[in-house]
Amino acid sequence: MKINKWLRAVMISCATALTFGIGLGFQSQSSHVEAATTTYKMVSTTSMTKAPYHKKSSTGVVWNASHTKKVATLKGYPYTTWYATKKAVLQKSSGSKAVYYQVKNGAGTVSGYVWHNYLTPGKAPFGLKYAKGAVALDVNTNGVVWSKAANTPRPIASVSKLMTLYLVQQKISNGGGSWTSKVNTSNAGLKKLGKDSTFGGFKFTKNSYTVRDLYLAALIESSNNAAIALGQWVAGGSTPAYNKKFVSMMNDQAKSWDLENTSFVSASGMEQNSLKPFGYSIGGANANMVSAADVAQIARHLITDYNDVLKDASIGSMNLDGQKLYNYNNLLPGRKYYQKSLNVDGLKTGYTDPAGYCFVGTGRKTGHDRIITVVLHDENEFTETRSLMNYVYNKNLA
């Protein structure tokens, strides 16, 4: 088929335009590559007090030190607090300079350099550095107002005694005994336990004590043999078989409260491998496993159903049967971490190697609701508890 002159001219024009366009495209791409490969060098760095920043622009980029690789985009971390520790001056190959911050996110998983104009000064979110599990509970509303891994079961050491003491109070309340009822403490294993340098604390020098005596020894001194003896009394006997029965009662009580992250194997909080030499291992799991949220619920039931526990839990120390009971709650008056405005009056400390330091605190600041705080496996349990209490009250969360 013949092509007329007009059509041929149009085709040549289109081809020329296409070729020209492609040439421009290649030229533009080449220019972009050159821009992207602009080199940077670090001129200087200055250390600065660690400060929180938030994104000011969604177009910001976190670069590596040589500015050759994008580590992250600020848009990809929209609610992240970036912590700056250094101010750096970077110089382009063109000679111009720019100020960058060396930053890291709170989790420490992303770090790099961000142009200072992409960030704005912010405020660090509240957090507990050391506690592996924590919760703050408003006792009045039963609402959790702050938490960290609150539903993860963890070993809780002597904090377990809160459930044991609740069941003691419950038996007395139901008419099954009284504070002056006698508890058989003649078991050789319990006497041996009381003398142990690691797990002892209150020595059984007699074959029986009142419920009241053992209750105070378990609450204030955190006596393990007192807690076990009380549990056996609640279960109706004074031998290891009744200890096993009592542990079942602890689990039944937890189920009645719908505590889904709670499992008890010990009345005192000691682990099974530690109880075995004294004849009180019941088999199964090694430790009581309870979440911080469930611990808070156990504590709430105890102080709302049997409020007199707070009077006893606020006793700093006392003498019983010629022995000193010492309260290890260092938020009480006269102790190292005491803060008057928090009005702390309880509740229970705990420690074993698997559990670490655990603490259940409670208090009521004037004009606010009472709160319960729980920190599990926390090497700074009192400072972090105090920080958590202040945060809750300063933010009017309770």
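Here is a friendly conversation about a predicted model of a protein.

Trainee: What should I know about the numbering and the model before we start?
Mentor: Residues are numbered from 1 along each chain as its sequence is written, and side-chain values use heavy atoms, with hydrogens and water left out. This is a predicted model, where local features need pLDDT of at least 70, side-chain atom pairs count only at pLDDT 80 or more, and totals for chains, interfaces and linings use all residues.

Trainee: How many helices and strands does the protein have?
Mentor: Helices (H or I, at least four residues) and strands (E, at least two) are DSSP runs, numbered from the N terminus. Going by those runs, the protein comes to 10 helices and 19 strands.

Trainee: Is the protein spread out or compact, and what is its radius of gyration?
Mentor: The radius of gyration is taken over C-alpha atoms, and the globule rule is 2.2 Å times the number of residues to the power 0.38. For 398 residues that rule gives 21 Å, and the protein is well over this, so it is more spread out than a compact globule, with a radius of gyration of 32 Å.

Trainee: What box do the C-alpha atoms fill?
Mentor: The box is taken along the principal axes. Its dimensions are roughly 120 × 55 × 40 Å.

Trainee: What percentage of the residues in the protein is buried?
Mentor: Buried means under 20% relative accessible area, exposed over 50%, and partly exposed in between (1.4 Å probe, protein chains only). Out of the 398 residues in the protein, the buried share is 46%.

Trainee: Among contacts between residues at least 6 apart in sequence, what percentage joins residues at least 24 apart?
Mentor: Contact means heavy atoms within 4.5 Å. Of the contacts between residues at least 6 apart, the share joining residues at least 24 apart is 61%.

Trainee: How far apart are the mean positions of the positive and negative charges?
Mentor: Lys and Arg count as positive and Asp and Glu as negative, while His and the chain ends are not counted. The place of a charge is taken as NZ of Lys, CZ of Arg, CG of Asp or CD of Glu. With 45 positive and 21 negative charges, the mean positions are apart by 14 Å.

Trainee: Let's turn to single residues. Is S222 buried or exposed?
Mentor: S222 is found in the loop between α4 (211-220) and α5 (224-235). Its relative accessible area is 15%, so S222 is buried.

Trainee: Which side chains make polar contacts with the side chain of S222?
Mentor: A polar contact is a pair of N or O atoms within 3.5 Å; within protein, one must be able to donate a hydrogen and the other to accept it, and residues adjacent in sequence count only if both atoms are side-chain atoms. Another, at 2.8 Å, is with K348.

Trainee: Is K255 buried or exposed?
Mentor: K255 has its place in helix α6 (residues 240-256). The relative accessibility of K255 is 61%, so this residue counts as exposed.

Trainee: Where is N261, and which residue has a backbone oxygen 3.4 Å from a polar atom of its side chain?
Mentor: N261 lies in the loop between α6 and β13 (262-263). N261 is partly exposed, at 24% relative accessible area. Among the residues N261 touches, not counting those up to four places away in sequence, are P153, M289 and D294. The backbone oxygen 3.4 Å from a polar atom of the N261 side chain belongs to N151.

Trainee: Which side chain makes a polar contact with that of T362?
Mentor: T362 lies in strand β18 (residues 356-363). Its relative accessible area is 0%, so T362 is buried. At 3.0 Å, the side chain in polar contact with that of T362 belongs to R370.

Trainee: Which residues does a cis peptide bond join?
Mentor: One of the two, L347, is found in strand β17 (residues 344-352), and T362 touches both of them. With omega at about 20°, the cis bond joins G346 and L347.

Trainee: What is phi of D321?
Mentor: D321 sits in the loop between β15 (317-320) and β16 (323-326), and is partly exposed at 31% relative accessible area. Its phi is a positive value in a residue other than glycine, near 55°.

Trainee: And what is phi of H377?
Mentor: H377 lies in the loop between β19 (371-376) and α10 (381-394). H377 is partly exposed, with a relative accessible area of 21%. Phi here is also positive in a residue other than glycine, near 50°.
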